[in-house]
Amino acid sequence: MKHVVLNREFGIVRTAAVFGPGRGGTSLIAGCLRALGVCMGIAPHAYKHEWSPIVRQAASKIDLPRTYQNIQRMNASYPCWGWKFPSDVFHIEEITALLRNPGFIIVSRDLTEIALSSLARQDVPFEISLNEAAIVSQLIARRIRFWPWPILLVPRLCVNQTRWLKFCVHFCKFLRERKQAASFVQPLTRLSALRRETGPATRF
């Protein structure tokens, strides 16, 4: 499968953030990371797997002291952790100095497919979704040119494709139990895997 790894020589990833435009496949990636044993936050969304250490104030400003407390709490509790919250890409550069050995997994998808998916699932007008996805994709493309951290870029994945896992495992040296994550992306086992969870995965 086509993929790109940037800045791999910059060290082992201990904090993995998942980014990409909405309806682009970030939920699948975050769910697989949880299945691999990576804590993806405190009580993340059961289906979207969303959680963020970033605390927002009014007008989308970041509460840095409380955000730092969240990050320190995660660092103290887990040797490796991560999160997925797509809109955090607009604020990530404000907090990268607070992260321990950060790395980023970027998921891409054809813009037309994203817009069609948003229209079908969320009834968002096609032209609005197309524009928003283009803005996010362009923002990510501009920023990763200068990010001095490991970055894994993968295309949107079909649920029956699991080859990407070897790249993800190689990218994040701490990841284990690849078979568990592979079962997560199978259509017939995805829901049962979620139901078996009693909370965020914490074992490494």
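Helix α3 passes helix α4 in a right-handed crossing, a term used when the near helix is turned clockwise from the far one by less than a right angle. The model is predicted, so local features need pLDDT of at least 70 and side-chain atom pairs count only at pLDDT 80 or more, while totals for chains, interfaces and linings use all residues. Residues are numbered from 1 along each chain as its sequence is written, and side-chain values use heavy atoms, without hydrogens and water.

The axes of α3 (residues 111-122) and α4 (residues 126-144) come within 8 Å and cross at roughly 135°. The two helices are therefore oblique to each other, as angles under 35 degrees count as roughly parallel, over 145 as roughly antiparallel, 65 to 115 as roughly perpendicular and the rest as oblique. From α3, Leu-111, Thr-112, Ile-114, Ala-115, Leu-116, Ser-118 and Leu-119 meet Phe-126, Ser-129, Leu-130, Ala-133, Ala-134 and Ser-137 of α4, with contact taken as heavy atoms within 4.5 Å.

Turning to the strands, β2 (residues 15-19) is largely enclosed by the rest of the structure, because five of its five residues are buried (under 20% relative accessible area, 1.4 Å probe, protein chains only). Thr-15, Ala-17 and Phe-19 cover one side and Ala-16 and Val-18 the other, all of them buried. Strand β2 pairs in the parallel sense with β3 (residues 81-84) over four bridges, and Thr-15 has Trp-81 as its bridge partner there. Pairing requires at least two DSSP bridges between two strands. With β4 (residues 102-108), β2 pairs in the parallel sense over five bridges, where Phe-104 is the bridge partner of Ala-17.

Technical notes: Axes fitted to C-alpha atoms, helices over the stretch in contact; angles between N-to-C directions. Buried < 20%, exposed > 50% of the residue type's maximum accessible area, 1.4 Å probe, protein only.
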